Each structure stands twice: as structure tokens, then as C-alpha cells.
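Work through the exercises below with the sequence and the coordinates open. Each task is followed by a stepwise solution.

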Amino acid sequence: MTTLGITINGQVHAPTEVRDDLSMNDFLREYLGMTGTKFGCGAAQCLSCVVIVDEPDGTCHTNPTCVTSAASFHGKTIRTVEGHAKNGELSPLQKAFIRHFAFQCGYCTAGFLNEGQVLLEQLAKTPVPRAGLEERIAEALDGHLCRCTGYFKYHEAVLDVILSDAKRYLMQEPRG
Ligand code: FES
Ligand code: FES
């Protein structure tokens, strides 16, 4: 058994004893009842199970939960799909997913949402030129599998959020 203390969506979960081989996915879904994080391939191939990890230096990234032990998240701060809406209001990215009909069965949606959110936060710190934006989005979402083939619509939804707040996410072009 191993001790696991973790902060999830701003809520501190007191240290608890978990099996050494318990996956983070099972901890979220079976121990905490947070079933928004999905289990797809179970082999780090589809990325439907990723959560956002917030590092102490202010950076964030996604991490699969299916092949990662719960114990390895000890002391970490993470965000899951349940944490995106604030005070009952969906995030801009969630609203864009709906506007663009990006998902069908929704199984992959939490993964795309977390990845897209990380990209937005990275661009807010380090904006990119408009010319490189589509490639950057494609790179960010690469590896996320959608059995319902919603790839283009997810891409368009992320693009929509960025272009809607271009001053925040894009490098300002010099006026000619
Ligand atoms: S379920 Fe984790 S990557 Fe597919
Ligand atoms: S919406 Fe069904 S797997 Fe992506």
C-alpha cells in the first residue's frame, strides 16, 4: 500500500492508503466517483483518459491516467473535466465544443477538452503567429483518438476560441 494525497480541481484530498498497482483512472472513477475521466484503450494510445497536471512552476500538461499509478500522483495538483465549468457556467472551450457539434458519443471529449485547455493556457503565456496557429492546434490534439471521427470539429472549436480572443492568444502582427 502507498499513501496518496492530491489536489483535484482545487479540492484537497487528504492522504489515503491505496494499492501500489491502483491506476489513477481507477482512483478517480472507482474511489472518488469522478467518472468524467474515461477509460478507453488502457494502453496510453487513445488519450481519452488524460487529466491536466499543474506544476509548481505554473506550467501545465496532460497525463494519461490509464497506465499511470495513482501513487505517482502523490502531492500533485490536477484538473479533470469536472473542474472546467465555474459556478455552473461552461468554459469557453466547452461552449465551443457544443457550438461546433464537436462530439457525438462524447467518450473522447474530456481528453480533447483537457488538451485544448492546456494549449489555450500555453498560448496565453506564449502567443504564436496566426500563420502557425493551425499547425500548433493539430500538434496539440494529435494522438487523441475519436471513434466518431470528430477531429475536424474539435480543431475548429479550438480555433474558434483562439480567434475570438486573438489579442490574448496570438502574436500581434506589425501594422504594414
Ligand atoms: S485509456 Fe488511457 S490512453 Fe487510452
Ligand atoms: S465523440 Fe465519440 S469517440 Fe469522439
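Predicted model: local features only at pLDDT ≥ 70, side-chain atom pairs only at ≥ 80, totals over all residues.

Residues are numbered from 1 along each chain as its sequence is written, while chains are lettered from A and ligands numbered from 1 in the order in which they are written.

**Exercise 1.** State how the chain is divided into domains and describe the contact.

Step 1. The division gives domain 1 (2–83) and domain 2 (92–169), with bounds from an automatic or database domain assignment.

Step 2. Their C-alpha centres are 22 Å apart.

Step 3. Domain 1 puts 15 residues into the contact and domain 2 puts in 13 residues; two residues are in contact if their C-beta atoms, placed from the backbone, lie within 7 Å.

**Exercise 2.** Find which residues of the largest nonpolar core touch the most other members, and where this core lies.

Step 1. A nonpolar core is a set of buried Ala, Val, Leu, Ile, Met, Phe, Trp, Tyr and Cys residues joined through C-beta atoms within 7 Å. Buried means that 20 or more other C-beta atoms lie within 10 Å of the residue's own, with C-beta atoms placed from the backbone.

Step 2. The largest core has 40 residues, of which Phe 97, Ala 157 and Val 158 touch the most other members.

Step 3. Both domain 1 (2–83) and domain 2 (92–169) give residues to this core, so it lies between them.

Step 4. Beyond its neighbours within four places in sequence, Ala 157 is in contact with Ala 96, Phe 97, His 100 and Ala 102.

Conventions: Buried ≥ 20, exposed ≤ 12 C-beta atoms within 10 Å, placed from the backbone.
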